[in-house]
Amino acid sequence: MDTPNLPVHFELPGWELYWVRLEVAPEPEAPLAALREAVVERARSTWTLETLPERPAIAAMRRLFRAAGCDPTRYRPSSEALLRRVLKGEALPAIHPLVDLNNCLSVALALPCCIVAEGSFTPPVTLRAGTAGESYESLRGPFNLEGKPLLADSEGPFGTPITDSQRVKVTDGTRRAWLVAYLPTGVVTLEAARHELEALLAEAPIAKIETVEVETA
């Protein structure tokens with residue numbers, strides 16, 4: 001595969017985006033189950049529902065949500081919502097190899113991560129706040145985007161660190177997709193996110209990872 005180039009424009013300060021392109025490896029199911037269990041056990045051995053808000057990544061993401069105009073206690077970052085379910089005793093579900101890997105990374109970083117199907121959006125991409133009247137059909141149903149941090153291309157918004165749009169979702173047949181992790185600047189670095197993803201793939205080589213050249217503006 002050619003090294004992809006991704007132009008990204010930031011209208012919201014304090015954010016970084018870690019992008020990689022992934023391809024599902026053959027027969028990933030068995031190591032995935034073990035990886036999901038290992039990630040859950042590490043989270044439960046480190047954090048509780050009471051101490052979770054003290055985690056720097058959680059606190060920083062809440063601040064970024066408020067700065068964009070979104071109440072993080074009403075619309076929780078996807079990572080915090082996922083971690084809360086895990087700490088309440090729920091398992092990470094088996095959905096799709098790339099979605100499962102994405103969820104494992106989100107739990108490990110305590111930061112929102114999403115999987116976007118290959119070819120479902122067109123660069124350049126803008127990270128901005130949603131405006132009045134903006135909405136899309138999300139993975140949860142109709143979703144009001146006003147004040148939410150979001151990613152948009154020339155067709156409009158396609159993802160948020162809360163829930164993504166139906167436009168970019170993966171299906172059973174999806175073999176290649178983009179992963180994007182939303183990072184608070186100065187709290188979790190791009191290098192730390194890359195290291196964590198590579199560590200997960202060392203435990204369970206379920207996907208091939210491709211470095212992305214990101215042009216920021």
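Leaving aside neighbours within four places in sequence, which residues is Ala25 in contact with? In this predicted model, the contacts of Ala25 beyond that range are Arg175, Pro205, Ile206 and Ala207. Ala25 lies in the loop that runs between strand E2 (15-24) and helix H1. Its relative accessible area is 9%; because buried means under 20%, Ala25 is classed as buried.

Helix H1 covers residues 29-46 and includes Arg36. With a relative accessibility of 14%, Arg36 also counts as buried. When residues up to four places away in sequence are not counted, Arg36 touches Leu92, Pro93, Ala94, Asp100 and Cys104.

Asp100 is one of the buried residues of helix H4, and Cys104 is another. Helix H4 spans residues 97-109, 13 residues in total. The distance from its first C-alpha to its last is 18 Å, close to the 18 Å expected at 1.5 Å a residue. Of the 13 residues of H4, 12 are buried, so the helix is largely enclosed by the rest of the structure. Among the buried residues are Pro97, Leu98, Val99, Leu101, Leu105, Val107 and Leu109, together with Asn102, Asn103 and Ser106. Just after H4, Ala110 adopts a positive phi of about 60°.

Terms used: Residues numbered from 1 in each chain as written. Predicted model: local features only at pLDDT ≥ 70, side-chain atom pairs only at ≥ 80, totals over all residues. Heavy atoms only, no water. Helix = DSSP H or I, 4+ residues; strand = E, 2+ residues; numbered from the N terminus. Buried < 20%, exposed > 50% of the residue type's maximum accessible area, 1.4 Å probe, protein only. Contact = heavy atoms within 4.5 Å. Expected span 1.5 Å × (residues − 1).
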